[in-house]
Amino acid sequence: MNDPRILLLGPEAEALAPRLEASGYSCSREPLPAGANPDAVLLSSGDSGRIASLREQWGTIPVLLDVGDDTVEARVHCLSSGADDFWLSSLGPSDLLMRLRLHLDLTSRANVPAQLLQVGDLVLNPSTRQVKRGARPVGLTAREYQLLLLLLERKGTVVSRELILRQVWNDEQDSSSNSSSSNVIEVYVRYLRQKLEEGGERRLIHTIRGQGYCLSERLPQLESRE
């Protein structure tokens with residue numbers, strides 16, 4: 001198997017090349033050879049504006065953005081930019097390597113061939129990672145895709161925040177009782193809803209207050225729903 005290819009964009013990201021290569025990764029800078037797709041992208045903090053074009057070119061490959069300082073504002077900027085996760089150039093590379101392994105593992109598991117998953121006019125093809133709402137393609141980040149995949153696999157049932165943290169974040173967050181963990185889930189659910197309802201389609205992801213989320217074509221027959 002070839003070493004995972006990591007595209008490094010920006011000076012802080014490019015400075016990681018020796019350590020990444022020592023850890024078994026193949027590092028590239030622009031331009032990439034024709035037909036060569038990276039397995040993940042690391043960006044310096046000043047390169048967040050390039051994420052949209054990266055998504056257009058390579059879809060849901062993991063994109064990790066340097067946030068410089070670990071603050072709430074920095075994390076919000078990371079999420080709103082379309083990145084899947086953040087890394088801190090001010091720290092050593094150990095945390096980044098852990099996050100990178102996690103995202104590559106998520107991508108690998110999601111690429112296992114499987115049958116189409118569908119609720120109403122929402123269709124997800126696990127083999128190609130393609131998502132459609134009717135005839136409209138829906139572009140998702142890797143984390144948004146994992147969240148939607150989990151909800152579709154358990155369609156019609158309530159998926160707790162604890163399960164979402166275990167399956168989508170791999171227990172990366174400490175606990176669902178932690179307000180920051182709950183806020184992160186809410187942010188991603190909101191992003192996912194916006195993309196799934198962009199064409200004016202009806203809501204499929206329902207909030208079950210105090211319990212979690214349910215993906216269903218009709219409103220679940222439960223109390224305290226949104």
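Analyst: Gladly. Let us begin with burial: a residue is buried under 20% relative accessible area, exposed over 50% and partly exposed in between, with a 1.4 Å probe and protein chains only. This is a predicted model, in which local features need pLDDT of at least 70 and side-chain atom pairs count only at pLDDT 80 or more, while totals for chains, interfaces and linings use all residues. Residues are numbered from 1 along each chain as its sequence is written, and side-chain values use heavy atoms, leaving out hydrogens and water.

User: Is R55 buried or exposed?

Analyst: R55 has a relative accessible area of 16%, so it counts as buried. This residue is found in helix α3; helices (H or I, at least four residues) and strands (E, at least two) are DSSP runs, numbered from the N terminus.

User: Which residues does R55 touch?

Analyst: A contact means heavy atoms within 4.5 Å. Leaving aside residues up to four places away in sequence, R55 touches T60, I61, V63, G82, A83, D84, T141 and A142. R55 and G139 are 84 residues apart in sequence, yet their C-alpha atoms lie 8.0 Å apart in space.

User: How much of the chain is buried, and how many helices and strands does the chain have?

Analyst: Of the 226 residues, 47% count as buried. The chain has eight helices and 12 strands. Taking contacts between residues at least 6 apart in sequence, 48% join residues that are at least 24 apart.

User: How do I read a sheet?

Analyst: Strands of a sheet pair through backbone hydrogen bonds, either parallel or antiparallel. Here, two strands pair if DSSP finds at least two bridges between them.

User: What order do the strands have in the open sheet of four strands?

Analyst: The order is β6-β7-β8-β9, and the pairing is antiparallel. The edge strands β6 (117–119) and β9 (136–137) each pair on one side only. Three bridges link β6 with strand β7 (residues 122–125) in the antiparallel sense, and the bridge partner of V119 in β7 is L122. Helix α6 (residues 142–153) packs on this sheet, touching β6, β7 and β8 (130–133), and its direction makes about 110 degrees with that of β7.

User: How do I read aromatic rings?

Analyst: A pair of aromatic rings is described by the distance of the centres and the angle of the planes. Rings of Phe, Tyr and Trp (its six-membered ring) pair if their centres lie within 6.5 Å; planes under 30 degrees apart count as stacked, over 60 as edge-to-face and the rest as tilted. There are two aromatic pairs in the structure. W169 and Y188 are edge-to-face, at 5.4 Å centre to centre with 80 degrees between the planes. This pair links distant parts of the chain, since W169 is in the loop between α7 and α8 (179–196) and Y188 is in helix α8, 19 residues apart. Y188 and Y191 have ring centres 6.2 Å apart and planes at 70 degrees, so this pair is edge-to-face. W169, Y188 and Y191 form one aromatic cluster. Both W169 and Y188 are buried, and Y191 is buried too.

User: What lies over the face of F86?

Analyst: R99 does, at 4.3 Å from the ring centre. A charge sits over a ring if NZ of Lys or CZ of Arg is within 6 Å of the ring centre and within 35 degrees of the ring normal. R129 lies over the face of Y145, at 4.2 Å from the ring centre.

User: Where is the pLDDT below 50?

Analyst: The pLDDT is the predictor's confidence in each residue, from 0 to 100. The chain averages 84, and 86% of the residues score at least 70. Over residues 173–177 the pLDDT is below 50, and this stretch has nine contacts in the model beyond near neighbours in sequence. Where pLDDT is low, the predicted coordinates should not be read in detail.

Definitions and conventions
Axes are lines fitted to C-alpha atoms, for helices over the stretch in contact, and angles run from 0 to 180 degrees between N-to-C directions.
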